[in-house]
Amino acid sequence: MIEFYFPSSGGEWLAFASAAITALFGLVIFVAPRPAFRLIGLAPQADRPEAIAEGRARMAGLSLGVGLCALLFAQPLLYLALGAGWAFTAFGRLVSMLVDRSGTVFNWISLGLEIALAAGPILYGLSMI
């Protein structure tokens, strides 16, 4: 029988929290993509309904899937995959901020959040915390 596993160490709680936040982000975008898009500054065109489908499919589906798998299976390699995803998200945002000169307050706050969401799972997955 499969049981839900609760973390037992501080490092594992950081990785677990990152997975829970990731799954929550995915769920919010899956359930309410238009308000979520407005919150992050995206505006799909009215004549392009596939933009909402892309949000639900790629943004919500991937976040929800990886976040839930990390929560349900609680394996270090899954946490590493989660952390790597957030690390590359942060890297992409940093590149955009440098190349596109988009160093807004929103982007700096988002970058900090993405680094924090990457750090816990990576450090736990590599047995550093």
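Student: How are α1 and α5 oriented to each other, roughly parallel or oblique?

Tutor: They are oblique, a class for angles left over once those under 35 degrees are called roughly parallel, those over 145 roughly antiparallel and those from 65 to 115 roughly perpendicular. This is a predicted model, in which local features need pLDDT of at least 70 and side-chain atom pairs count only at pLDDT 80 or more, while totals for chains, interfaces and linings use all residues. Residues are numbered from 1 along each chain as its sequence is written, and side-chain values use heavy atoms, with hydrogens and water left out.

Student: What angle do α1 and helix α5 (residues 105-125) make, and how far apart are their axes?

Tutor: The angle is about 135° and the axes are 8 Å apart, where axes are lines fitted to C-alpha atoms over the stretch in contact and angles run from 0 to 180 degrees between N-to-C directions. The helices themselves are DSSP runs (H or I, at least four residues), numbered from the N terminus.

Student: Which residues make that contact?

Tutor: From α1 there are Gly11, Glu12, Leu14, Ala15, Ser18, Ile21 and Phe25, and from α5 there are Leu113, Leu117, Gly120, Pro121 and Tyr124, with contact meaning heavy atoms within 4.5 Å.

Student: And how do α1 and α4 pack?

Tutor: Helix α1 (residues 10-31) and helix α4 (residues 76-99) pack at about 60°, with 10 Å between their axes, and this pair is therefore oblique as well. On the α1 side Ala15, Phe16, Ser18, Ala19, Thr22 and Phe25 take part, and they meet Tyr79, Leu82 and Trp86 of α4.

Student: What does Glu114 touch, beyond its neighbours within four places in sequence?

Tutor: Glu114 is in contact with Trp86, Thr89, Ala90 and Arg93.

Student: Where is Ala74, and what is its phi?

Tutor: Ala74 sits in the loop between α3 (50-73) and α4, and its phi is near 45°, a positive value in a residue other than glycine. With a relative accessible area of 12%, Ala74 is buried.

Student: What about Arg101, buried or exposed?

Tutor: Arg101 counts as exposed, at 74% relative accessibility. This residue lies in the loop between α4 and α5, and the phi of Arg101, near 55°, is again positive in a residue other than glycine.

How values were computed: Helix = DSSP H or I, 4+ residues; strand = E, 2+ residues; numbered from the N terminus. Buried < 20%, exposed > 50% of the residue type's maximum accessible area, 1.4 Å probe, protein only.
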